[in-house]
Amino acid sequence: PKTDIVFLKVHKSASSTVMNILFRFGETHNLTFAFPLGGGNQLYYPHHFLARFVQGFSPQSPRQFNILCHHMRFLQPEVQKVVPRSAVYFSILRNPVQLMESSFVYYKGASAFSRVRSLEEFLSQPYRYYNPASGDRHYARNLMTFDFGFNPDGEVSPERVQLMLKAIEASFDFLLISEYFDESMVLLKEMLCWDLDSVVSFPLNTRDSSTKAPLPDTVVEKIKAWNRLDWEIYTHFNRTFWERIDQHIGRERMRREVKALRERQAELARTCLQGPGSVAPKDIKDSSLRPLQHGGARILGYNLKQGLDGELERTCRRLVMPELQYSSTLYKKQFSPEPP
């Protein structure tokens with residue numbers, strides 16, 4: 001199994017669920033994480049990543065870590081200072097239409113969205129609200145492009161797009177697609193030589209459907225045009241995703257693997273969870289399992305069954321533990337003061 005990993009955690013793309021998978025694998029195999037200084041949850045995002053943002057890194061005696069997976073704006077020469085050369089690089093993408101709709105709800109307080117009532121209103125005259133010089137502009141335009149380290153306001157010439165796609169391909173071993181999450185997990189398992197249980201998960205940091213509404217076609221087209229660089233990244237890597245599956249796994253075996261993954265997930269849900277699945281924040285009984293609520297979204301969580309025995313309770317708790325709590329637990333474990 002591969003144990004040196006760089007995961008670019010792209011915003012609003014099921015990346016918290018992937019992060020939970022990496023946290024569990026790292027904890028099980030006693031791997032080290034490149035944590036933000038002081039144990040925060042972002043590596044000085046939205047600044048480009050620098051090695052000195054990592055707790056325990058010093059240029060004098062460069063220490064390397066197994067897994068880098070907290071939010072960052074990608075800059076490979078700096079990333080290479082904190083992980084071994086053998087590290088596998090991957091990320092996950094989401095359809096820019098759903099991505100923007102999700103960002104709008106989640107980052108409603110962010111500058112470009114704060115003065116509009118709806119996404120339609122924003123898209124009708126984006127430059128009335130969007131300021132390319134503002135510090136949190138990236139939430140409102142080409143968010144994936146920004147996370148990969150590029151300029152979200154760059155021109156969309158064919159040459160520029162090709163350069164960007166080639167740069168991503170040169171840096172990353174593979175990219176997953178959140179709309180095909182189960183297929184992505186099978187591909188991840190294959191590329192990292194992991195077992196099935198290592199990639200089983202429950203969806204984390206998802207919002208309840210009460211704030212979701214279908215978008216009119218006119219809005220969809222405007223979102224694609226406004227996020228044209230993201231759209232180019234997404235369509236290109238959605239295609240190469242399926243090419244890779246055909247090459248390494250094949251559709252027939254993929255169907256079998258996805259079925260096995262879903263069966264195992266259902267079995268764990270029956271074992272671990274009270275009720276059929278995720279619940280609203282107010283209904284989460286154990287406050288230590290309550291996810292951070294942000295913007296206009298209601299982020300769902302889980303209730304564990306009572307009376308699970310020690311080891312099983314630990315396994316179940318890890319599956320549903322929100323990102324901030326899990327990150328903080330692992331940080332304390334990795335940097336616990338040495339006993340005298």
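1. Disulfide count. By the rule that a disulfide is a pair of cysteine sulfur atoms within 2.5 Å, the count comes to one disulfide. The partners are Cys272 and Cys316, with sulfur atoms 2.0 Å apart. The link of Cys272 and Cys316 is left-handed, at -70° about the S-S bond. Distant parts of the chain are joined here: Cys272 sits in helix α13 (residues 251-272) and Cys316 in helix α14 (residues 310-320), 44 residues apart. Helices (H or I, at least four residues) and strands (E, at least two) are DSSP runs, numbered from the N terminus.

2. Basis of the model. This is a predicted model, in which local features need pLDDT of at least 70 and side-chain atom pairs count only at pLDDT 80 or more, while totals for chains, interfaces and linings use all residues. Residues are numbered from 1 along each chain as its sequence is written, and side-chain values use heavy atoms, with hydrogens and water left out.

3. Burial of the cysteines. Buried means under 20% relative accessible area, exposed over 50%, and partly exposed in between (1.4 Å probe, protein chains only). Cys272 counts as buried because its relative accessibility is 0%. Cys316 is buried too, with a relative accessible area of 0%. Cys69 is in no disulfide; the nearest cysteine sulfur belongs to Cys193 and is 19 Å away. Cys69 counts as buried, at 0% relative accessibility. Cys193 is likewise in no disulfide, and its nearest cysteine sulfur is that of Cys69, 19 Å away. Cys193 counts as partly exposed because its relative accessibility is 47%.

4. The sheet. Four strands make an open sheet in the order β2-β1-β3-β4, with parallel pairing. β2 (67-68) and β4 stand at the edges with a single partner strand each, so one side of each has no neighbour in the sheet. Two strands pair if DSSP finds at least two bridges between them. Strand β3 (residues 88-93) and β4 run parallel and are joined by four bridges. Phe90 stands opposite Phe174 in β4. Leu93 stands opposite Ile177, also in β4.

5. Helix α1. The expected span of a helix is 1.5 Å times one less than its number of residues. For the 14 residues of α1 (residues 15-28) that gives 20 Å, and the end C-alpha atoms are 20 Å apart, which agrees. How many residues of α1 are buried? The count is 13 of 14, so the helix is mostly covered. α1 lies across β1 (5-8), β2 and β3. It runs at about 160° to β1. Axes are lines fitted to C-alpha atoms, for helices over the stretch in contact, and angles run from 0 to 180 degrees between N-to-C directions. Contact means heavy atoms within 4.5 Å.

6. The loop between α1 and β2. Asn30 has a positive phi of about 55° although it is not a glycine. At 65% relative accessibility, Asn30 counts as exposed. Tyr44 is found in the loop as well. Tyr44 has a positive phi of about 50° and is not a glycine either. Tyr44 counts as partly exposed, at 41% relative accessibility. A cis peptide bond joins Tyr45 and Pro46, with omega about 10°. Pro46 belongs to the loop between α1 and β2.

7. Glu78. This residue lies in helix α2 (residues 76-79). Is Glu78 buried or exposed? Glu78 is buried, with a relative accessible area of 15%. Its side chain makes a polar contact with the side chain of Lys81, at 2.7 Å. A polar contact is a pair of N or O atoms within 3.5 Å; within protein, one must be able to donate a hydrogen and the other to accept it, and residues adjacent in sequence count only if both atoms are side-chain atoms. Leaving aside neighbours within four places in sequence, Glu78 is in contact with Phe49, Leu50 and Ala51.

8. Ser327. Helix α15 (residues 323-334) holds Ser327. Ser327 is buried, with a relative accessible area of 3%. Which residues does Ser327 contact, leaving aside its neighbours within four places in sequence? They are Phe23, Phe35, Gly40 and His70.
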